[in-house]
Amino acid sequence: DAAVEVVTLRVRAAGRPATALPRRPGHAAVDVPAEVPLRTADGDVRGVPCRSRGSLADGVRLAGPAIVAQADATTFVAPGWVAIPQPGGSLFLERAS
């Protein structure tokens, strides 16, 4: 018998919680430019839409590439991905279908 050290563990669950998640207070809107420059891997620079987290309603789908800015974080939504604000306050990212 040898000891095993788990360094990274990812868990994925599906289903509905027994009770509804509490709603978090809305995110404060922050001033952001409508577009920000983004340098791609091949060196090109292109404009990418930038949205304030406080301006996104729950369930809105923001397709990448895009930037979501809030007071305490900045999220890059890559091309081929979609960001969906959740009622509990999180920003869910999934591959676009």
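User: Let's start with Gln-70. What does the side chain of Gln-70 make a polar contact with?
Analyst: With the side chain of Asp-72, at 2.7 Å. Keep in mind that this is a predicted model.

User: Got it. Is Gln-70 buried or exposed?
Analyst: Gln-70 counts as buried, because its relative accessibility is 18% and the cut-off for buried is under 20%.

User: And which strand does Gln-70 lie in?
Analyst: Gln-70 is part of strand E4, which covers residues 66-70.

User: How does E4 pair with E5?
Analyst: E4 and E5 run antiparallel, with five bridges between them. The two strands also make a hairpin, with two residues between them.

User: Which residue in E5 stands opposite Ile-67?
Analyst: That's Phe-76.

User: OK, zooming out. What's the strand order in the four-stranded sheet?
Analyst: The order is E1-E2-E4-E5, in an open sheet with mixed pairing. Its edge strands are E1 (35-39) and E5 (73-77), and each of them pairs on one side only. On average, neighbouring strands in this sheet are turned by 30° against each other, ignoring direction.

User: How many bridges join E1 to E2?
Analyst: Five, and the two strands run antiparallel. E2 spans residues 45-52. For a landmark, take Leu-38: the bridge partner of Leu-38 in E2 is Arg-46.

User: Handy. Now the three-stranded sheet: what's the order there?
Analyst: E3-E6-E7, again an open sheet, with antiparallel pairing. Here the edge strands are E3 (62-63) and E7 (91-95), each pairing on one side only.

User: How many bridges do E6 and E7 pair over?
Analyst: Five bridges, in the antiparallel sense, with E6 covering residues 81-85. Within that pairing, Ala-83 has Leu-93 in E7 as its bridge partner.

User: Switching topic to pockets. What volume does the largest pocket have?
Analyst: About 190 Å³.

User: Which residues line the largest pocket?
Analyst: The lining is made of Arg-12, Ala-13, Ala-14, Phe-92 and Glu-94.

User: And how does the lining split by class?
Analyst: Three residues are nonpolar and two are charged, with no polar ones.

Terms used. Residues numbered from 1 in each chain as written. Predicted model: local features only at pLDDT ≥ 70, side-chain atom pairs only at ≥ 80, totals over all residues. Heavy atoms only, no water. Pairing = 2+ DSSP bridges. Axes fitted to C-alpha atoms, helices over the stretch in contact; angles between N-to-C directions. 1 Å grid on protein atoms, 1.4 Å probe; cavity = no way out; pocket = protein on both sides within 12 Å on 5 of 7 lines; lining within 4 Å. Points joined across faces, edges and corners; volume = space filled by probe spheres on them. Nonpolar A, V, L, I, M, F, W, Y, C, P; charged D, E, K, R; others polar. Buried < 20%, exposed > 50% of the residue type's maximum accessible area, 1.4 Å probe, protein only. Polar contact = N/O pair within 3.5 Å; in protein donor to acceptor, adjacent residues only side chain to side chain.
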